[in-house]
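Here are my notes on the model you sent. They are set out as numbered points, to be read beside the structure.

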Amino acid sequence: MKSMLVLIGGGPRDQVVFQTALAAARPLSAHLDCLHIHVTLGEAARDIAVGTRGVALRDALTRLQTKSEILSRASKAAADNVRELCARSMVELRDGPPEANRPSDATGVTASFREETDNALERLTSHARNSDLVVMGRAKQTQGLPQDTLEHLILRCGRPMLLAGADAPAQLGTIMVCWKKSDYSARAVTAATPLLSQAKRVVLTTVAEPDAEGLETLNKLAQQYARDNVQTEVKIIPPTGRKIPDVLSAAAAECAADLVVMGAYGRGRALEFLFGSCTESLMTHSNKPILLLH
């Protein structure tokens with residue numbers, strides 16, 4: 001994980017998102033590619049219904065003009081926020097990504113800022129696919145991006161995503177892994193291995209009746225990170241009738257996790273649109289940063 005795409009909105013949550021990315025980047029000497037998507041009036045106008053006429057059209061255009069002014073202010077704020085956060089955190093702000101001007105033996109976190117205009121999801125998805133990790137907030141987007149931006153990226157970019165929590169951790173010292181016998185969990189753990197190997201403590205948690213095969217798998221994972229001098233432990237929580245997201249959220253709080261790792265969307269998408277999922281529910285109820293991969 002040497003290149004982390006950090007989505008900057010130009011609002012008050014930028015600090016938490018940036019500091020969360022910084023906590024992941026520091027042990028890896030990674031580069032923070034801070035990106036702001038500026039949605040222009042032209043793209044925002046696509047939301048107007050084609051058949052809108054008369055007073056309704058005039059009102060819609062007035063709202064669009066107001067929205068355009070808000071988005072323009074957010075664009076300036078995004079650049080200012082990155083400069084201020086880099087200065088405060090003593091992170092070198094460079095003009096471009098490390099490939100352009102960074103020696104291969106350089107150490108320490110660096111950052112850059114860029115802005116893209118329009119074609120928001122296409123540009124954002126393209127940048128995400130060329131990064132090792134995507135860091136963003138998990139609240140609804142307020143900088144003009146589509147409301148389903150988070151779900152779109154989870155399903156389409158093919159990269160692990162780190163979703164900031166209520167507060168940013170100073171470091172990713174304790175990481176809790178939500179394990180389930182599935183491809184989703186295995187892929188998420190593999191993607192998170194660079195961070196897990198640098199942690200001080202890894203707690204492998206599963207909500208299930210203990211069985212020999214599952215316990216063997218968790219013990220092998222624990223041994224893998226123990227070889228990197230990481231304190232590891234296995235926590236098997238028997239199902240007690242409580243909802244799994246509630247159990248996992250409580251477990252994360254109990255072990256003082258700085259980060260939660262889990263697979264995304266473990267059931268069929270058609271069912272999840274109707275009933276939700278453990279992933280979505282945990283994102284709603286837990287205030288911890290969450291790293292996931294679909």
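**Notes on the predicted model**

1. The charged end of Arg187 lies over the ring of Tyr184, at 5.3 Å from the ring centre. The model is a predicted one. Aromatic pairs are another matter: a search of the whole structure returns zero of them.

2. Helix H8 covers residues 212-226.

3. Which residues of H8 are buried? They are Gly214, Leu218, Leu221, Ala222 and Tyr225. Viewed down the axis of H8, these buried residues fall within an arc of 100°, and therefore line one face of the helix. An α-helix has 3.6 residues a turn, so residues three or four places apart point the same way. Ala212 and Lys220, on the other side of H8, are exposed.

4. The cover over the buried residues of H8 includes helix H7 (183-196), strand S8 (201-207) and strand S9 (231-237).

5. The largest nonpolar core has 49 residues, and Met4, Leu32 and Leu195 touch the most other members. Helix H1 (residues 14-25) supplies the largest share of this core, eight residues. Nonpolar side chains tend to be buried together in soluble globular proteins.

6. Leaving aside residues up to four places away in sequence, Leu32 has contacts that include Met4, Val6, Phe18, Ala21, Leu22 and Ala25. Val109, Thr110, Ala111 and Ser112 are also touched by Leu32.

7. There is a second, separate core of 33 residues; among them are Ala120, Leu163, Ala257 and Ile290.

Methods: Residues numbered from 1 in each chain as written. Predicted model: local features only at pLDDT ≥ 70, side-chain atom pairs only at ≥ 80, totals over all residues. Heavy atoms only, no water. Helix = DSSP H or I, 4+ residues; strand = E, 2+ residues; numbered from the N terminus. Expected span 1.5 Å × (residues − 1). Buried < 20%, exposed > 50% of the residue type's maximum accessible area, 1.4 Å probe, protein only. Arc of directions from axis to C-beta. Contact = heavy atoms within 4.5 Å. Phe/Tyr/Trp six-rings, centres within 6.5 Å; stacked < 30°, edge-to-face > 60°. Lys NZ or Arg CZ within 6 Å of the ring centre and 35° of its normal. Core = buried A, V, L, I, M, F, W, Y, C linked by side-chain atoms within 4.5 Å.
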